[in-house]
Structures are given as C-alpha cells and as structure tokens.
Amino acid sequence: MLFSDNFQIFAFKFKLLNMEHKDLNRLKLVLVEKKKTGVWLAGQLGVSSVTVSKWCSNITQPTLPTLDKIAVLLECEKRELITE
C-alpha cells in the first residue's frame, strides 16, 4: 500500500469515529442557564478549569459521584445534566 492509501483509510476511519461522537452531557447549557462559569464550577469542585472544559465539550465525562455534586451546586436534577 502506498502512503496516500494508508492516509485515506485513516481519514475515513477518523471521520467515522467523529460522526459517532454524541454529546453525553448538557453541562455547558446548564451552566449558561444558571449564569455560572466553568471556572466557578472548577473552583467549587476542586478540579482544574481544563477538566470542566473537557466535560463541557463532551471530550470526557464526569464520574457519577461528581455529577451528583454538580447537580447540587447548580441546584438542578441530575437528569437535567445528561442528554436523552
């Protein structure tokens, strides 16, 4: 196989993976609704703002115990923080 063939296969698989990516949480939206920032949430939880940013971007997800804490801090139901 030529380099260009390998690259095309890689690009195709990468595109498929990105198409399958689905948002699992609504944290970013709930923060806006509650007029809070990711920096504020990070401070309340004792995590870095980068971590909260990754949660808001759905790159990574908070653990279930952390999701419980977030719901308490944002005064909302846990179900409001996840997508259906």
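Lysine 78 is partly exposed, with a relative accessibility of 44%. In this report, buried means under 20% relative accessible area, exposed over 50%, and partly exposed in between, computed with a 1.4 Å probe on protein chains only. The model is predicted, so local features need pLDDT of at least 70 and side-chain atom pairs count only at pLDDT 80 or more, while totals for chains, interfaces and linings use all residues. Residues are numbered from 1 along each chain as its sequence is written, and side-chain values use heavy atoms, with hydrogens and water left out.

## Overall architecture

The chain contains five helices and zero strands. Helices (H or I, at least four residues) and strands (E, at least two) are DSSP runs, numbered from the N terminus. Read from that end, the order of elements is α-α-α-α-α. Of the 84 residues in the chain, 23% are buried. Contact is taken as heavy atoms within 4.5 Å. Among contacts between residues at least 6 apart in sequence, 59% join residues at least 24 apart.

## Salt bridges and a charge over a ring

Side chains of opposite charge can pair when their charged atoms come close. A salt bridge is defined as a side-chain nitrogen of Lys or Arg within 4 Å of a carboxyl oxygen of Asp or Glu. Across the whole structure, two salt bridges are found.

| Arginine 26 | Glutamate 33 | 3.5 Å |

Aspartate 68 is partly exposed at 33% relative accessibility. In the other pair, arginine 26 is partly exposed with a relative accessible area of 26%, and glutamate 33 is partly exposed with 48%.

A charge sits over a ring if NZ of Lys or CZ of Arg is within 6 Å of the ring centre and within 35 degrees of the ring normal. Lysine 36 is placed in this way over the face of tryptophan 40, at 4.6 Å from the ring centre.

Lysine 35 is exposed, with a relative accessible area of 74%. Although 39 residues separate lysine 35 from leucine 74 in sequence, their C-alpha atoms are 9.6 Å apart in space.

Which residues of H3 are buried? They are Leu41, Ala42 and Leu45. Seen down the axis of H3, these buried residues fall within an arc of 100 degrees, so they line one face of the helix. The arc is that of the directions from the helix axis to the C-beta atoms. An α-helix has 3.6 residues a turn, so residues three or four places apart point the same way. The cover over the buried residues of H3 includes H2, H4 and H5. Val39 and Gly43 are exposed on the other side of H3. Just after this helix, glycine 46 adopts a positive phi of about 75 degrees.

Most residues other than glycine have a negative phi, and most peptide bonds are trans. Asparagine 58 has a positive phi, near 60 degrees. Its place is the loop between helix H4 (49-56) and helix H5 (64-73). Is asparagine 58 buried or exposed? Asparagine 58 is buried, at 6% relative accessibility.

A polar contact is a pair of N or O atoms within 3.5 Å; within protein, one must be able to donate a hydrogen and the other to accept it, and residues adjacent in sequence count only if both atoms are side-chain atoms. The side chain of asparagine 58 makes such a contact with the side chain of glutamine 61, at 2.9 Å. A polar atom of the asparagine 58 side chain also lies 3.0 Å from the backbone nitrogen of asparagine 25.

Glutamate 75, likewise not a glycine, has a positive phi of about 50 degrees. Glutamate 75 is located in the segment after H5 and is exposed, with a relative accessible area of 68%.
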